[in-house]
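Please read it alongside the structure shown below.

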Amino acid sequence: MSIDLGSEAPSFVLPGVDGNDHSLDDYGDAKLLVVVQYCNHCPYVLAWEGRLMAVARDYAQKGVRVVAINSNDVAHYPEDSFEQMKARAEKLGFPFDYLFDESQSLAHALGAERTPEVFLFDKGRRLRYHGAIDDSRDDNAVTRSYLREAIDALLAGEEPPTAETEAVGCTVKWK
Amino acid sequence: MIELLYWEGCPSHPEAKALLERVLTEIGRDDQIVMTEVKSDEEAERLRFPGSPTIRVDGNDVDLEGAKSRPALTCRIYYLPDGRVSPVPSREQLEAALR
């Protein structure tokens with residue numbers, strides 16, 4: 001069960017593929033923070049990957065930060081190991097931080113269930129949108145871009161037109 | 001025989017089954033689809049299940065390259081003709097396997 005809308009972002013300190021540890025406080029300057037439950041091996045993540053990268057690039061200059069979190073059990077899913085995370089981020093040039101939640105504590109704190117699954121926090125780090133990036137894994141069939149709509153609304157001082165949707169994707173691989 | 005092996009932890013099998021049924025109808029076949037749920041790592045090993053969904057026609061995987069992946073309870077990765085990633089086979093893969 002994921003955290004409720006309006007809930008405070010859980011704190012974390014996690015290693016990133018850039019070799020640095022990253023904490024919630026490190027993103028304190030961001031107007032909005034997009035936390036995405038993520039991984040390497042899931043076809044749904046891969047299908048949405050380009051669109052998430054585009055969101056990170058398009059909104060970087062507007063004060064929006066995106067951080068992807070991989071919490072999967074690497075013993076059973078070695079494609080999601082920290083080394084494989086580094087390799088994928090380097091290969092694709094991720095425009096967002098990619099952090100390894102080996103203890104799965106952040107995934108538990110968020111109540112994450114799927115990859116990809118979006119948690120959008122406002123400046124006060126309250127949850128304002130939760131769910132899917134948009135309404136289709138097929139980029140040719142997208143009719144609603146939920147995450148972009150929510151970001152645009154919050155940046156304009158308005159309420160997201162849709163605050164919660166169902167995240168469609170692979171399950172988080174719990175230990 | 002047409003088999004669709006799936007794992008409930010991956011949400012793609014209803015879409016795969018629907019696509020398979022559409023393709024069967026379009027090419028004029030009325031084969032029954034044998035659905036097999038894979039529930040454990042042991043079953044995945046025994047059934048040589050590289051991920052969900054896996055579709056076999058007369059024992060042959062519709063994606064021979066993907067079939068080489070290690071057996072696992074996971075969502076399977078397919079590639080569409082334009083190179084995009086998909087959690088289900090392409091229509092073209094199914095048509096080629098069924099003709």
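**Sheet and interface in a predicted model**

In chain A, five strands are arranged as an open sheet of mixed pairing, in the order β5-β4-β3-β7-β8. The edges are held by β5 (97-100) and β8 (127-131) of chain A; each has a single partner strand, so one side of each is left without a neighbour in the sheet. From one strand to the next, the twist averages 20°. The model is predicted.

**Strand pairing**

- Strands of a sheet pair through backbone hydrogen bonds, in either a parallel or an antiparallel manner.
- Strand β3 (residues 32-38) of chain A runs antiparallel to strand β7 (residues 117-121) of chain A, and five bridges join them.
- Opposite Val35(A) stands Phe119(A), a residue of β7(A).

**Helix on the sheet**

- Helix α1 (residues 43-60) of chain A lies across β3 and β4 (64-70) of chain A.
- The direction of helix α1 of chain A is at about 150° to β4(A).

**Contact between chains A and B**

- Ten residues from chain A and eleven residues from chain B make up the contact.
- On the side of chain A that touches chain B, α1 and β9 (170-171) of chain A each supply at least two residues.
- With four residues, α1(A) gives the most to this side of chain A.
- By class, the side of chain A that touches chain B comprises eight nonpolar and two polar residues, with no charged residues.

Terms used:
Residues are numbered from 1 along each chain as its sequence is written. Chains are lettered from A and ligands numbered from 1 in the order in which they are written. This is a predicted model: local features need pLDDT of at least 70, side-chain atom pairs count only at pLDDT 80 or more; totals for chains, interfaces and linings use all residues. Two strands pair if DSSP finds at least two bridges between them. Axes are lines fitted to C-alpha atoms, for helices over the stretch in contact, and angles run from 0 to 180 degrees between N-to-C directions. Two residues are in contact if their C-beta atoms, placed from the backbone, lie within 7 Å. Ala, Val, Leu, Ile, Met, Phe, Trp, Tyr, Cys and Pro count as nonpolar, Asp, Glu, Lys and Arg as charged, and the others, Gly among them, as polar.
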